[in-house]
Amino acid sequence: MLGTEILKKVVLNRLMTRSKHHQLQSDLRDLGLWGLNTNALGHMAVQDVDVVDLMAAYGSPLFVVNQQRLEVDIGNALSALKGLNAETELLYSYKTNCTPGILKEIHKHGVGAEVISHYELWLAARLNVPPDRIVFNGVNKTEESLKMAIDMNILSINIDQHSEIDRIYRLSKPGNRKIGIGVRLGFNECSQFGVEVASGEAMRACNDILKLSDRLELRCIHFNVTSNAKDGKTHKKYAQMAIELMSQIERSTGHYTPCLDIGGGFGVPTTKNMSSYEYGLYRVTGCLPKPPKLSDYQPLDRSLNEILTGIDEACSRFNYKRPKLILEPGRLITSRSQMLLTRINAIKQKSCGTKFVITDAGRLSTTFPCDFEYHESFLANRPEAAPEQLYHIMGRICTSADWLMKNRFLPLLDDRDIIAVMDAGAYFSSYSSNFAFQRPAIVMVNGNDVTVLRDEETFEHITAMDCI
Ligand SMILES: *Cc1c(COP(=O)(O)O)cnc(C)c1O
């Protein structure tokens, strides 16, 4: 018994020593990766604005959007697409960061909207996104949302199950405006998404749409198969399979499907998804996984070229005219331009040796992706300070499951320190919940200017729909 205990301790010790080493050697210890800098006071700054001042002015926790960085990321995506010399359409996935102030910036550059719910469709309409730049995906489209999509005459309603074909047809009216329909391909037979390809169900759905061509038009073949991809391999592989299917449809029915929507899932260099092994180890031992290596990331223009080359190969193999390419990235566009700031409320040294840091942002309210992704973090008030100690950074909800990061190697902390979590622009604010506390404000910085994109929630907002 004593033997196993000792062995456990030795193994754990080794894991933690290795994790400390990885954290120290992280490629991500450079604020420039997020367009941030250190100012004369030694504080982290977003352009000309001191992050410590932001926290003092707007409270904690706080989301801060770096407008210049956002514009750089939008510009990079658009210019990589332009460099392809192909017909393309760039849509932003609303669920990734559904903050209207951010969406407006994105749409200013001519980027459209990929929506998955009635609310998101309504918001796209409210933000004046041209209907021919809206794609409606999702597994659970309500009657009202389908009616709205039909009335708006959007680019494509991508069906996720066969029964949607009849539902859409029933809601349509005779006329000369056909409804653009897409089919989401389900390549993975064990996932709930899409219409199965292997069993022939996807082909059957396409044929059934074509039978209703008095009102429906098969416009798009869609898939969304990966997340935080570091290169173009996965998109390429499935795009080629999609082209094969599109060519089969053309051969058997004469119908040419003009658009291929290759979904989202384009990665960023500054975060990574934990592998199943890392995730399990993190759960069991609290050992924080290795940071991503910058060299593992292939620049976007190269990934897109890889995908397009694959599409062209498939097009020539299956004798299919290259379709218009639709992309629906989320993370790629907004991940890096937003960070989260959180104040330290207490530091507790427990007798087992663990040091807990109590903050007002944990995975159950504000940092959900930190559960399964590696995110770099800094002390906003002294980003250059050297790490000395492992800490469990916890949230404010009353459960031991509300951590932000376990065993983070940090300088010796005191309660004036502010923790900044990087890459909070994808799936942080949209996942935020008001479990016992209000959801945070979102502010955007441009040069010297700070604009409030969303006020901190008030108690009145939280109870607005309650009968009290
Ligand atoms: C979530 C989602 C996206 C965006 O995913 P990212 O990984 O953020 O790029 C695009 N399309 C669909 C259908 C999605 O569900």
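Which loop does Thr-99 lie in? Thr-99 lies in the loop between β5 (88-93) and α4 (100-108). Helices here are DSSP runs of H or I with at least four residues, strands are runs of E with at least two, and both are numbered from the N terminus.

Ground rules before I go on. This is a predicted model: local features need pLDDT of at least 70, side-chain atom pairs count only at pLDDT 80 or more, and totals for chains, interfaces and linings use all residues. Residues are numbered from 1 along each chain as its sequence is written, and side-chain values use heavy atoms, with hydrogens and water left out.

Back to Thr-99. Its relative accessibility is 1%, so Thr-99 counts as buried. Buried means under 20% relative accessible area, exposed means over 50%, and partly exposed is in between, with a 1.4 Å probe and protein chains only. Leaving aside residues up to four places away in sequence, Thr-99 touches Ser-429, Ile-442, Leu-453 and Arg-454. A contact means heavy atoms within 4.5 Å.

Now the whole chain. The secondary structure comes to 13 helices and 23 strands. Along the principal axes, the C-alpha atoms fill a box of roughly 70 × 55 × 45 Å. Of the 468 residues, 55% count as buried. Take the contacts with a separation of 6 or more: residues 24 or more positions apart account for 70% of them.

Next, helix α6, residues 143-152. Its buried residues are Ser-145, Leu-146, Met-148, Ala-149, Ile-150 and Met-152. In general, an α-helix has 3.6 residues a turn, so residues three or four places apart point the same way. What covers the buried residues of α6? The cover includes α5 (118-126), β7 (134-136), β8 (156-159), α7 (163-171) and β9 (179-186). After α6 comes Asn-153, with a positive phi near 60 degrees.

Let me take α5 against α6. Their axes come within 9 Å and cross at roughly 30 degrees. Axes are lines fitted to C-alpha atoms, for helices over the stretch in contact, and angles run from 0 to 180 degrees between N-to-C directions. α5 and α6 are therefore roughly parallel. The cut-offs: under 35 degrees is roughly parallel, over 145 roughly antiparallel, 65 to 115 roughly perpendicular, and the rest oblique. The crossing of α5 and α6 is left-handed. Left-handed means the near helix is turned anticlockwise from the far one by less than a right angle; right-handed means clockwise. From α5, the contact uses His-118, Leu-121, Trp-122 and Ala-125; from α6, Glu-144, Ser-145, Met-148, Ala-149 and Met-152. Those contact residues divide into six nonpolar, two polar and one charged. Nonpolar covers Ala, Val, Leu, Ile, Met, Phe, Trp, Tyr, Cys and Pro; charged covers Asp, Glu, Lys and Arg; the others, Gly among them, are polar.

On the α9 side we have Lys-233, His-235, Lys-236, Ala-239, Gln-240 and Ile-243; they meet Glu-306, Ile-307, Gly-310, Ile-311, Glu-313, Ala-314, Cys-315 and Arg-317 in α11.

Ser-316 is exposed, at 59% relative accessible area. Cys-370 is 54 residues from Ser-316 along the chain, and their C-alpha atoms are separated by 43 Å.

Last item, the backbone. Most residues other than glycine have a negative phi, and most peptide bonds are trans. Here are some exceptions. Asn-228 has a positive phi of about 50 degrees. Asn-228 is in the loop between β11 (216-222) and α9, and is buried at 5% relative accessibility. Asn-407 also has a positive phi of about 50 degrees. Asn-407 lies in strand β20, residues 403-410, and is buried, at 11%. Pro-61 lies in the loop between α2 (51-58) and β4 (62-66).
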